[in-house]
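User: I am new to this structure. Please show me how to read its features, step by step.

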Amino acid sequence: MAVSIDELRAAACLVILTLLCNPTNGDVAGGAAGATDAPHRRFEYKYSFKGPHLSQSDGSIPFWVHTGNAIPSADQIRITPSLRSQKGSVWTKNTVSFENWEAEVTFRISGRGRMGADGLAVWFTAGQGLEGPVYGAADSWNGVGIFFDSFDNDGKKNNPAILIVGNNGKLIYDHQNDGSTQALGTCLRDFRNKPYPIRAKITYYKKSLTVMINNGFTPDKDDYEFCAKVDNMIIPHEGYFGISAATGGLADDHDVLSFLLFRLTEPGQQLPPPEAEIPKEEKDKYQEEFENFQQELDKKKEAFQKEHPDVQGEPVEDVYESVNDREIRQVFEGQNRIHLEIKQLNRQLAMILDEQRRYVSVVTDEIARRGAAAEPGQVPSQHLDTIITTQQEVLKNLNDLRNSFSDTLRQVASVQHQGNAAGAYETVQHFNDIKEHLHVVKRSVEHLVQRNGGPSEKVKCPELPPVPSCLSTTHFLIFVVVQSVLFFGYIMYRSQQEAAAKKFF
């Protein structure tokens, strides 16, 4: 026993020495613990908006209300246009009662001048400040505002700047000093006329408000830098989110591209069920609408059964076409189209065969006539022999094509007569046969084109006899002389008329 205790003591000493000599392990463990302390984010669509379908056809924004000079569009909301003395804002319709939250705002402030005015503000207040003197929203608010101030009112050259200003509903905003006497946190950032939209991340977690900013020089959505942080920040438990902007003697376009709100929950904390988030009044309203809809549906079912008594008792699957039935119907419709096309080709091929037969008969008669008229012992023309041989080969190939078309027609007809009882494998096999026959037809036609395409084998048509001219040389000369006399006579007459007209001036 003494030996085993000594061994255990030695092992414990080794473990302690290892921990002491490797302090980084503790740091890694602490970093892992810090990673696990990250809050859980849940997107809240009823308090958010973004493009490309931001506004509806009537100009409204789902779950939001806009006032003043705000102009919603499909991909952004222009809070104020670049005109003087403009004000506008957007606010959530419903109150937000999250203990912790995070808002991501994407906006763009642009103008022609080197300086702009007045700025843009992001709000969380107990009431909707639809209109007022503070960046287009109401003064003496109860909550917090994050201001993006672009005009230097106090002349200290400390703008553009970002400020965090809290209010309990009793303070009046200090415009003359740009709110610097009331700001809980501030940072200097230039957010006007940037190549990319500005992104601001506002996080309220465990009573600490943090503002992170993207400077607009990169399209990276996660490239944020620290701006300001306020600890022990007390805000209303319920409130409205809003965005407002205003212009003064100078003007900028204040465009908001998106506002995304996330609910934050501490690790291990259970989220409330969705039913608990819906007020009782809304639940009763939705339940009443559902009951009315159910009653209307039952009435329509009864009316349909009275109008269609033959359908009663049949399952719904038999009334509507299933996926397999639709596929089979499409297959047979395709077969019918193929059948019609092949019939059309067969008729055209028959016409070509008739033409070839007539051509061969004409050439044969011509050879016989010339052979009879030739002197005894004279050899028939080699050119005519080549023509007749070529035409016979063409006729033979066309007969092969016709036989191939006939076989294809028979196969398509057999497939159509099999109906729904035919298996999928047989249908595919028939289609493969049809495809193979069509390839044979294509190769045969190409062979014919190549066969008859040589310039040495082209049949020359007989030359036409000269057509006698209907105009002799004497008639042509008389016509030219008459035309010349008439032309010179007209010229002389026109000169006399112009000279007589000049006498009156």
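Analyst: Start with the salt bridge: a side-chain nitrogen of Lys or Arg within 4 Å of a carboxyl oxygen of Asp or Glu. By this rule the count comes to 12 salt bridges. Arg-41, Glu-102 and Glu-104 are linked in a network of them. Two notes on reading. This is a predicted model, where local features need pLDDT of at least 70 and side-chain atom pairs count only at pLDDT 80 or more, while totals for chains, interfaces and linings use all residues. Residues are numbered from 1 along each chain as its sequence is written, and side-chain values use heavy atoms, with hydrogens and water left out.

User: What distance separates the closest N and O atoms of Arg-41 and Glu-102?

Analyst: They are 2.9 Å apart. Helices (H or I, at least four residues) and strands (E, at least two) are DSSP runs, numbered from the N terminus. Arg-41 is in strand S1 (residues 40-43) and Glu-102 in strand S7 (residues 101-110), so the bridge links distant parts of the chain, 61 residues apart.

User: Is Glu-102 buried or exposed?

Analyst: Buried means under 20% relative accessible area, exposed over 50%, and partly exposed in between (1.4 Å probe, protein chains only). Glu-102, at 8%, is buried.

User: Which residue forms a salt bridge with Arg-358?

Analyst: Glu-355 does, with the closest N and O atoms 2.3 Å apart. Arg-358 is partly exposed at 44%, and so is Glu-355 at 48%.

User: How many disulfides does a search of the whole structure find?

Analyst: A disulfide is a pair of cysteine sulfur atoms within 2.5 Å. The search finds one. Cys-187 and Cys-227 form it, with sulfur atoms 1.8 Å apart. Cys-187 lies in strand S11 (residues 183-188) and Cys-227 in strand S14 (residues 225-230), so the pair ties together parts 40 residues apart in sequence. The torsion about the S-S bond is about -85°, so the disulfide is left-handed. Cys-187 is buried at 8%, and Cys-227 is buried at 8%.

User: What does the side chain of Ser-89 reach?

Analyst: A polar contact is a pair of N or O atoms within 3.5 Å; within protein, one must be able to donate a hydrogen and the other to accept it, and residues adjacent in sequence count only if both atoms are side-chain atoms. The Ser-89 side chain reaches the backbone oxygen of Leu-130 at 2.9 Å. The side chain of Trp-91 is also a polar partner of Ser-89, at 3.2 Å. Ser-89 is in strand S6 (residues 87-92) and is buried at 0%.
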